[in-house]
Amino acid sequence: MEGTTEASADGTAEGTGGRGRVRRRTVRAYGLAVAFLVAAVLVGAMAGAADLNPLATAAALLDRLPFVHLPGGLSPLDRAVLFQIRLPRVVLAALVGGALSLSGAGYQGVFRNPLVDSSLLGASAGAGLGATLAIVAMGGVNAQTLPVAAFVGSLAGVACAYLAGASGGPGTSTLLLAGLAVSMFLTAVQTYVLQRSTQDIQQVYSWLLGSLSAATWHQSVQILPYLAVSTAVVLLHGRHLDVLSVGDEEARSLGLRPARIRLAVVAGCALAAASAVAVSGLIGFVGLVVPHAVRRLAGTSYRLVLPLSLLFGAGFLVLADTLARTVVAPAELPIGVVTALVGSPAFVWILRSTRAVRT
């Protein structure tokens with residue numbers, strides 16, 4: 001009896017210690033994510049052609065918080081630069097980056113494949129075709145029509161992929177293959193349209209490479225409801241994705257319906273990705289690299305991967321956009337080029353380090 005009691009006490013102590021370590025790791029991960037996002041926002045707000053005083057800029061930003069009142073040190077011109085030009089772009093970059101990262105992490109949970117993102121399920125190809133048709137039909141970029149066309153095209157691409165995958169039978173591999181087929185088809189249609197309208201090629205490819213140069217407060221407010229709904233749907237299914245990662249049979253034994261969970265998560269991810277590309281164009285690698293980095297930091301549980309991907313993705317794209325508009329100033333790089341240049345080596349490093357850990 002004494003031995004049993006001692007063993008139970010040891011097991012309880014180890015269990016308590018294990019939960020404590022997990023809790024501390026979770027707190028550290030969230031603290032690092034929030035600090036990274038805040039630092040990225042400050043860098044994005046301060047960096048640019050206009051030389052703003054860092055302390056005065058930080059004070060002006062803090063003064064906008066509830067119950068915080070700090071004396072302003074910026075001139076009216078500097079305040080206009082900060083709140084009418086830079087901050088709308090920083091906020092939009094954070095929303096887009098968070099949406100793309102969350103979407104990528106959600107798709108990876110659905111397909112149980114860390115190499116999946118929204119581009120493999122028709123979202124990017126659909127948005128590209130929708131934007132191309134809008135530019136060709138309008139004879140150029142129309143600020144009101146283009147986001148709507150890209151948004152509708154992205155959702156239509158995912159819907160076609162999901163319906164094609166569902167008709168081919170159950171299983172994530174069928175859905176993924178259907179997504180690839182739909183993406184290839186939509187890209188082929190886009191290429192045909194461009195060949196028929198060669199005068200619009202430059203504007204189309206400029207949009208395809210991604211840009212936040214025309215960011216406004218209105219765009220952030222416009223996509224915020226869609227992002228709020230999609231984020232809530234995906235985050236609420238984090239625990240379910242953890243169960244699905246073990247297998248469908250185990251999920252059914254716990255009373256879950258895998259097909260219904262996948263549909264909800266795919267719909268949420270599609271809405272998030274469509275909202276993002278509607279205002280930014282196609283930006284690659286964010287939804288692929290950021291969730292990988294988060295898993296290295298916080299583990300594989302989607303209850304942590306999803307919200308942390310949201311925060312880190314927001315900060316990552318703010319920094320990428322800051323590089324895009326400052327590294328070759330007064331010119332500007334497409335933000336998709338910056339994310340590819342940064343994301344490709346980072347992704348290779350993550351793959352190599354992950355393989356080294358497994359071996």
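How many helices and how many strands does the protein chain have? The protein chain has 14 helices and 0 strands, where helices (H or I, at least four residues) and strands (E, at least two) are DSSP runs numbered from the N terminus. The radius of gyration, taken over C-alpha atoms, is 22 Å, close to the 21 Å that the globule rule gives for 359 residues, so the protein chain is as compact as a globular protein of that length. That rule is 2.2 Å times the number of residues to the power 0.38. Along its principal axes the C-alpha trace spans about 80 × 60 × 40 Å.

This is a predicted model, in which local features need pLDDT of at least 70, side-chain atom pairs count only at pLDDT 80 or more, and totals for chains, interfaces and linings use all residues. Residues are numbered from 1 along each chain as its sequence is written, and side-chain values use heavy atoms, with hydrogens and water left out.

Of the 359 residues in the protein chain, 46% are buried, meaning under 20% relative accessible area with a 1.4 Å probe, protein chains only. Among contacts (heavy atoms within 4.5 Å) between residues at least 6 apart in sequence, 75% join residues at least 24 apart.

Helix α13 covers residues 302–326. Its 25 residues should span 36 Å at 1.5 Å a residue, and its end C-alpha atoms are 35 Å apart, which agrees; the expected span is 1.5 Å times one less than the number of residues. In α13, 19 of the 25 residues are buried, so this helix is largely enclosed by the rest of the structure.

How values were computed:
Buried means under 20% relative accessible area, exposed over 50%, partly exposed in between (1.4 Å probe, protein chains only).
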